[in-house]
Amino acid sequence: MRRESPMQIITHVVWSLPTPFKADLCFIVTKMATSASAQLSKVVKRQYMELPQGDNVQAMYIWIDGTGEGLRCKTRTLDSEPKSIEDLPEWNFDGSSTYQSEGSNSDMYLIPSAIFRDPFRKDPNKLVLCEVVKYNRKPAETNHRHKCKKIMEMVDHQSPWFGMEQEYTILGTDGHPFGWPSNGFPGPQGPYYCGVGADKAYGRDIVEAHYRACLYAGVMICGTNAEVMPAQWEFQIGPCEGINMGDHLWVARFILHRVCEDFGVVASFDPKPIPGNWNGAGCHTNFSTKEMREDGGLKCIEECIDKLGKRHNYHIRAYDPKGGLDNARRLTGHHETSNIHEFSAGVANRGASIRIPRTVGQEKKGYFEDRRPSANCDPYAVTEALIRTCLLDEEGEEPVDY
C-alpha cells in the first residue's frame, strides 16, 4: 500500500469538505521542514573538498534499486582517470538492503554502462551509471536497460530520437510543498506556469543549480521552466538517440536528488503529489524517426499513432513503475491529461493521449508527443515500449521475446 505523508492526508481531508469550511481548517497544515544535514557548514566542507587528490579519481557508481524508481550510489577510488566505460571495473553491493535480493544470497553486481563528469566533486571525478545483474549474471527485475538496449540496437538504422519532459515537485522533508503557506494553500493555479517573482516561482535556486550541474556533467539537458502548480518544475532532456535517452534522464534525476540534498529539500516524482485541484506530474515523451523527420513524415506519424491506439493498455502498464496504478491518480481527463481508460490523439491538444504539435501538422513532418508517461516512469521502459509498438509492429498485451 502506498504510504502518504501527513501533508497529503490532511489535504485529502480538507478538499473533501464543503468550500466554506476549507479556509477555516487550513491552519492544521503542517509547516515545511528541511533536513538536518543541510544545516551543516558548507564552508567547512569546502576546505576539505579543495585538498589535492593526486592521480586518484573518485568514481560514484549509481544504480536503480528494487522499487524501480529509487536511486542508490556508492563511491570507489580508481588509480587513474577512466577515459571510457571499458576502463571501469565491475563492483558489487548488498541487494538485500535495496529490495533486490534475499539476505541469504545478497550479492548483486554493478555493470558500468554510462560515464559522466561529477559536478559535485568536479574533474577528474566521475559519475558512473550502472546496470544491475544478479548472482547468476541475469538482469535484476528493475534493470530495464538491458532489454531496452537490445531493442534499440534492432532499430538503430531508423535513428530513433527521444526528448523527455521531466516534471517534479519540490517538497520539504515533511512532504509539504516548498514555499506553500505553513497554515494554508497558495492562490489557485494560473500565475505560476513559467512565472517570475517571489510570489510565483518557488525554489528557482534549486532549478538553476541543477541545470548548471547537468551541463557540467555532460547531460543533454535542453531547457527548464516553472510548471502549473506552485513548487512544481520541469526540465527537458534530449534530443537523445536510442539508449542514451534513458541514461541521460536517470543521471539528470540523480543530480537533482543530490542538489536537493544539499539544499535540505526533497524532489518528488510522484504523479499526483497533492490531491485536489492541482496539476499532477508527468514525463511527456517526444518521439521521432528519420522517416518522420523527412518530408511527408506526417504519414508515418499517423501510422504510429494508429498502432499506439490499438495497444493502449500495454503502454499504460509500461508507463509507471506500478503498472498504471500511480498514473491512475493523474490521468483523470482533467488538469491537462487524458483519461487513463481511453486513447485519444489530436493536433495541439494537451488533453489527448498523443499530441501532434501544430508546427508538425503544418509542415507535415517532425515528431509526436506521448503525454501518458508518469513523472516516476522508467525511461528505458517507456522508450522500449514505443519502439516495440511503432517500429517493430508488435501487437497484443505482452511484449515479444526476441
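1. Helix α8 (residues 298-309) and helix α12 (residues 379-390) have axes that come within 9 Å and cross at roughly 105°. This is a predicted model, in which local features need pLDDT of at least 70, side-chain atom pairs count only at pLDDT 80 or more, and totals for chains, interfaces and linings use all residues. Residues are numbered from 1 along each chain as its sequence is written, and side-chain values use heavy atoms, leaving out hydrogens and water.

2. The two helices α8 and α12 are therefore roughly perpendicular to each other (angles of 65 to 115 degrees). Contact (heavy atoms within 4.5 Å) joins C304, K307 and L308 of α8 to L386, T389 and C390 of α12. By class, four residues here are nonpolar, one is polar and one is charged.

3. Helix α5 (residues 204-217) and α6 also have axes that come within 9 Å, crossing at roughly 135°. The crossing of α5 past α6 is right-handed. On the α5 side, the contact includes D205, I206 and A209; on the α6 side, A252, I255 and L256 are among the residues.

4. Which residues touch the most other members of the largest nonpolar core? Of its 69 residues, they are Y168, V219, I237, I255, F287 and F368. Such a core is a set of buried (under 20% relative accessible area, 1.4 Å probe, protein chains only) Ala, Val, Leu, Ile, Met, Phe, Trp, Tyr and Cys residues joined through side-chain atoms within 4.5 Å. Helix α6 (residues 244-263) gives the most to this core, ten residues.

Conventions: Axes fitted to C-alpha atoms, helices over the stretch in contact; angles between N-to-C directions. Helix = DSSP H or I, 4+ residues; strand = E, 2+ residues; numbered from the N terminus. Parallel < 35°, antiparallel > 145°, perpendicular 65-115°, else oblique. Nonpolar A, V, L, I, M, F, W, Y, C, P; charged D, E, K, R; others polar. Buried < 20%, exposed > 50% of the residue type's maximum accessible area, 1.4 Å probe, protein only. Left-handed = near helix turned anticlockwise from the far one by under 90°.
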